[in-house]
Amino acid sequence: MDRDETGEAAEEARQRLAAEAGDVEAMSVLGAMLLRRGDLDGAEPHLRAATAAGDRAAANNLGVLLHQRGYADEAAGWWRIAAVAGSAAAAHALGRHHRERGDEPAAEYWLRQSAEQGHVLGAYALADLLEHRGDSVAEQWMRAAAERGHREAAYRLARALDRQAVRAGEDGSDNGVGNGGGNGVGNGVGSSESLLDEAEQWYRQAAARGHRRAALHLGAILEKRGELKEAGRWYLTSAKDGEARAACALGFLLRDAGDTESAAVWWLRAAQDGDGNAANALGALHAERGETQTAERWYRAAMDAGDVNGAYNLGLLCAEQGRIAQAEQWYRRAAYAGHREAANALAILLLQGGDTTGAEPWFSKAAEAGSVDAAFNLGILHAGRGEERAALRWYERAAAAGHTEAALQVGIARLRDGDELAAERHLRCAAGAGSAEAAYRLATLLDARRPPEPAHELGESVHEKTECEEWYERAASQGHRRAQVRVGMLAAARGDVVEAARWYREAAEAGSRNGAFNLGLLLAREGSEPEAAVWWTRAADAGHGRSALRLALVYARRGELAEGQRWADRAVALGPAEVARRAARLRDALREELSA
C-alpha cells in the first residue's frame, strides 16, 4: 500500500512538472488524477487548460467536474464538445444528461454514438433506454454490454432469456421466441431449454463478477437441476453479500440436508433483513418444537414483511390450539389477500361451525384460484345436497389436477352411470396414487369381467394371479377389510388355507363380520369348531345373520337346545331372507324338541 501511494505521488509530481512546462497531455492526466482524488479545485485549472488546447479527454473530465459541482448545463456543453470530437465516454455522459432531462430522442442519439464506438456503459445505458420504451432492439445492446463485461447487463440479459424460456414453455413452443432483434436469441432459433441454458451462462458470468442477485438465480437453477452442492455455494456467496432471499434459500437447502441448526441461522439473518418467507420458516421450525409463542412472533413478522403466508400460518397455529375465533380471523385476513388455501381453510372452519352458506363462496373462491382441495370440498358440499351433477363437475376438476379422492369419486359416479371405461380410468389413477378403496373397486370391476377359473384337480399347478387379484391384494395390504376378505376367498379357492386364514383373521380383527364368518368356516373345516364358534359369536353380535345360524346349529348338535333356539331367534331377526327361513325351521324344530 505504501509503495502504491509513493508511486502515485511520484507520478503526480512528474505530471505536474510536465504540465507546468506546457505539456497538454500532462495537464489532462494531472487533472484526471486530482479529479479522481476528489480535489476539484486543484483539478479544474488543469482540465480547463488542456480543454482549451483541444484535449477531448480533458473536456469530458471537465464536464464530470462541473456536474459534480452542480453545473449540469455547463457540464453538458463540455461533454458535447468532447463527444463531437469523438469521445465515447463524453457521448455516454451527454446521453445520460439528456435522459435525466426527459429528452429521450437526444439521449438515444448520444448513447447510440457512445455504444457504436464500443463504450460498454453507453451500450448498457442505450439498452436500458430502449427496454424502457419496449423496443426489441434493446436486447442487442444489452448483449453487447454483457459481452464486454458489464455485470448488470449480463444479469438483465439472463433475466430476459429466463422470461422468454418461461413463455416458450407455456406456449409449448420448441422453436424459440422471435423478437425481431437479429441478435441470435429469437427468430425461431432456441427452445425453452436452450434459452434457459444461455440464461444460466449469463447468470454465471454476472455472479462471478459479484452480482448477488445473479448468484441467487444461478443457485435456484442449479438446485432445480439437483446440483445442490454448487447451488449451496452460490446461495452462500449471494447471502454473504446481503441478499436475504439467498440466505432464505440456503436455509431450506440446509434443512433438507438435515442441518436445521445452520438453517435457522440463515433464516434468522434473512428474516431480520425483512424476508417474510424466512420468517415463516422460523415460525414453522419453532412450532414443530412446541414453542408456539416464538412461532407466533415469527409468523407475525412474516405478515409484517408483506408475506400473506404469515396470516395463514397464524390461522393454522390458532386452529391447532383450539382458538377457533382467532383462527377464523387470520384465515379471513389471508383469504381476503388472495391466499387460496386460507380461503379453503376458512370455508372448512365455517362448515364445521354449521355455516354452509358462508362456506360455499370461500370454497368457490379458493377453487377458482386453483386450490385442488377446495374443488374437492365443493364436490362434497354439492353431493351432500343431492346435487350430483354439480358435485361431479367439481370432482372432475379436482381429479384432473391429481386429487386422489376426487378421482375415486369420479370413478364411482361413472360406474353408477354405467360408463365402465371412464370409471376404470379414474379408478386406476386413484388406486395408483394410493387409494385403497379405489384399488378395491378397480379389482371388483376387473373381477366381474374375467371368465370363471376352471376347477383344479389335485396335484395340478395353481393358476397365476390375475391383475384383479393384485389390486385386491394392494387394497388388502392397506387395511381394506372387504379386500382382505376377498383375498382370503381367492386364496381358499386356490387351496391355500394358511394364506386364506391369515387374511380372514386380519379382516376379522379389524371388525369385518364377513371376515370373522369366513374364518369360522375355515376353522370348522379344519376341525377347530370351538375357535370357529368364538369368531361366529363375534360376527353374530355385530349383526351377521349367517354366523347366528351357524351358532344355532353348533349348539343344537351339542344338545344345548335352549342356546341353539336363542341363536336361531337371533338369525331370524338378522336375516337375510334365506337365512331367516332356515333359522325359523331350526327354531321350530328345537322348540318342539324342548316341549316334548
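Analyst: Gladly. D55 sits in the loop between helix 3 (40-52) and helix 4 (56-69), where helices (H or I, at least four residues) and strands (E, at least two) are DSSP runs numbered from the N terminus. This is a predicted model, in which local features need pLDDT of at least 70 and side-chain atom pairs pLDDT 80 or more, while totals for chains, interfaces and linings use all residues. Residues are numbered from 1 along each chain as its sequence is written, and side-chain values use heavy atoms, leaving out hydrogens and water.

User: What makes A439 buried or exposed?

Analyst: Buried means under 20% relative accessible area, exposed over 50%, and partly exposed in between (1.4 Å probe, protein chains only). A439 has a relative accessible area of 0%, so A439 is buried. This residue is part of helix 26 (residues 436-449). Leaving aside neighbours within four places in sequence, A439 is in contact with A431, W471 and A475; contact means heavy atoms within 4.5 Å.

User: Which side chain has a polar contact with that of D55?

Analyst: That of S28, at 3.3 Å. A polar contact is a pair of N or O atoms within 3.5 Å; within protein, one must be able to donate a hydrogen and the other to accept it, and residues adjacent in sequence count only if both atoms are side-chain atoms. The D55 side chain also reaches the backbone nitrogen of A57 at 3.0 Å.

User: Why does E424 count as buried?

Analyst: E424 has 13% relative accessibility, so E424 counts as buried. E424 is found in helix 25 (residues 420-432), and a polar contact of 2.8 Å joins its side chain to that of R449.

User: What makes E388 and R416 a salt bridge, and what does the pair tie together?

Analyst: Their side chains meet at 3.7 Å, N to O, and the pair is a salt bridge. E388 lies in helix 23 (residues 388-400) and R416 in helix 24 (residues 404-417), so the pair ties together parts 28 residues apart in sequence. E388 is at 43% relative accessibility and so counts as partly exposed, while R416, at 55%, counts as exposed.

User: How do you know that R482 and E437 form a salt bridge?

Analyst: Their closest N and O atoms are 3.1 Å apart, and they form a salt bridge. R482 lies in helix 28 (residues 481-493) and E437 in helix 26, so this pair ties together parts 45 residues apart in sequence. A search of the whole structure finds 50 salt bridges.

User: What radius of gyration does the protein chain have, against that of a compact globule?

Analyst: The protein chain has 40 Å, whereas a compact globule of 596 residues would have a radius of gyration near 25 Å. The radius is taken over C-alpha atoms, and the globule rule is 2.2 Å times the number of residues to the power 0.38. Along its principal axes, the C-alpha trace spans about 150 × 50 × 50 Å. The secondary structure comes to 34 helices and 0 strands.

Technical notes: A salt bridge is a side-chain nitrogen of Lys or Arg within 4 Å of a carboxyl oxygen of Asp or Glu.
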